[in-house]
Amino acid sequence: MTVTENNIRTYKASGKLMLFGEYLVLNGADSLAFPLKFGQTLSVAESDSIHWESHAKHGLWFSASLDRDFNILDTNNREVAEILKQLFLVIRAEKPGLDFNQNFKSEANFELNWGLGSSSTLISLLSQWSGVDARKLLDASFGGSGYDVACATANGPIIYADGKVKKEVSIPESITDKLLFVYLGNKQNSREEIKRFKDRKVEQHHIDTMNTLISTALQAHDIEVFEQQLDQSEELISPIIGTTKLKERLFADYSYSIKSLGAWGGDFFMATFRDLQTAKNYFEDKGHDILFTYQEFIK
């Protein structure tokens, strides 16, 4: 989405979460993913130099100035600046006539350590600005299945597989009214987890099972049926990646389903419930007080 005002162009990208298909999406399985109400914007204004600023909820966290050859002149984070430089180089190779003399200002309306997609939204924003395919930018930088970049411009939940959005889907309120998203408090490095997963053995029946779970979940109108698919997904993924299920590890006494999201073990997880306040009290008593309902969280 692009908005132009006073010669400043503004682009928007949504954050992401994957509910079903984590890890197996890298082997061609379907995944069910959500674009979020949290995200990032990029404002671009003409300038006589290249300057970038990134802001989050607590203010400026990254800045860099580059020359016309993308040499880094000044920055407060060399590692991030090198990633930006690499992305600019890919963009110039694809769009040699593009004017990079701009003031770029990105703003995220979420805490960066929540793991909601600061990297994928950046890729999407640069793709929207430059016209360079987002997947090309992703492959040259962070890597991954690409579902997160697809979520950045999606209007609602999507089925993603084999590098593309297969379709947008809807989930009935009888399900979404019983879903709570809880921050676990551990920032997970998805790139490292993906590298680790590549050594794991995935067979066709794992992929087929995941696809069936997603299909059955999307046909469900009762939360109990939806929970069965969540629980079976945890049972499927746990031995493949060699990680104990989150509920078994931390929330064994919780009455309903606990579903790991994305790279497992960090960031957010999802819990089902019957009474919202009871669920909130349970997780807050365990020190997890950053919680969102589906309606508060999902686009």
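This note goes through selected strands, helices and residues of a predicted model.

1. Strand β3 and its surroundings. Burial here stands for a relative accessible area under 20%.

2. Pairing of β3 with β2. Strand β2, residues 8-20, pairs with β3 in the antiparallel sense, and 10 bridges join the two.

3. Pairing of β3 with β7 and β8. Strand β7 (residues 102-108) runs antiparallel to β3 and is joined to β3 by seven bridges. Within that pairing, T41 stands opposite E107 of β7. Strand β8, residues 158-161, also pairs with β3 in the antiparallel sense, over three bridges. There, A33 stands opposite I158 of β8.

4. The open sheet. Four strands form an open sheet in the order β11-β12-β10-β13, and the pairing is antiparallel. The edges are taken by β11 and β13 (291-293); each has a single partner strand, so one side of each is left without a neighbour in the sheet. On average, neighbouring strands of this sheet are turned by 25 degrees against each other, with direction ignored.

5. Strand β12 within that sheet. What is the burial state of β12, residues 268-272? Five of its five residues are buried, so β12 is largely enclosed by the rest of the structure. The side chains can be followed residue by residue: F268, M270 and T272 point one way from the strand, F269 and A271 point the other way, and all are buried.

6. Partners of β12. Strand β10 (residues 179-183) runs antiparallel to β12, with five bridges between them. Strand β11 (residues 258-260) is likewise antiparallel to β12, and three bridges join these two. Which residue of β12 is the bridge partner of V182? That residue is F269. F269 is also the bridge partner of S260. A further pair to look for is I258, which stands opposite A271 in β12.

7. Helix α10 across the sheet. Helix α10, residues 276-285, lies across β10, β11, β12 and β13. Its direction is at about 15 degrees to β10.

8. Packing of α1 and α2. Helix α1 (residues 78-94) packs with helix α2 (residues 118-130) at an angle of about 30 degrees, and the two axes are 12 Å apart. Angles under 35 degrees count as roughly parallel, and the two helices are therefore roughly parallel to each other. The crossing of α1 past α2 is right-handed. On the α1 side the contact is made by L84, L87, F88 and I91, and on the α2 side by L122, I123, L126, W129 and S130. Sorted by class, this contact has eight nonpolar residues, one polar residue and no charged residues.

9. Residue S65. S65 belongs to strand β5, residues 59-66. Leaving out residues up to four places away in sequence, S65 touches I50, H51, N71, I72, L73 and D74. For a sense of scale, S65 and A154 are 89 residues apart in sequence, and their C-alpha atoms are 32 Å apart in space.

10. Residue D74. D74 lies in strand β6, residues 72-75. Is D74 buried or exposed? Its relative accessibility is 51%, so D74 counts as exposed; the cut-off for that class is over 50%. Apart from neighbours within four places in sequence, D74 is in contact with S63, A64 and S65. D74 and M18 are 56 residues apart along the chain, with 36 Å between their C-alpha atoms.

11. Residue E227. E227 sits in helix α8, residues 223-241. With a relative accessible area of 8%, E227 is buried. Not counting residues up to four places away in sequence, E227 touches Y256, S257, T272 and R274. Of these, T272 is one of the buried residues of β12.

Notes
Residues numbered from 1 in each chain as written. Predicted model: local features only at pLDDT ≥ 70, side-chain atom pairs only at ≥ 80, totals over all residues. Heavy atoms only, no water. Pairing = 2+ DSSP bridges. Buried < 20%, exposed > 50% of the residue type's maximum accessible area, 1.4 Å probe, protein only. Axes fitted to C-alpha atoms, helices over the stretch in contact; angles between N-to-C directions. Parallel < 35°, antiparallel > 145°, perpendicular 65-115°, else oblique. Left-handed = near helix turned anticlockwise from the far one by under 90°. Contact = heavy atoms within 4.5 Å. Nonpolar A, V, L, I, M, F, W, Y, C, P; charged D, E, K, R; others polar.
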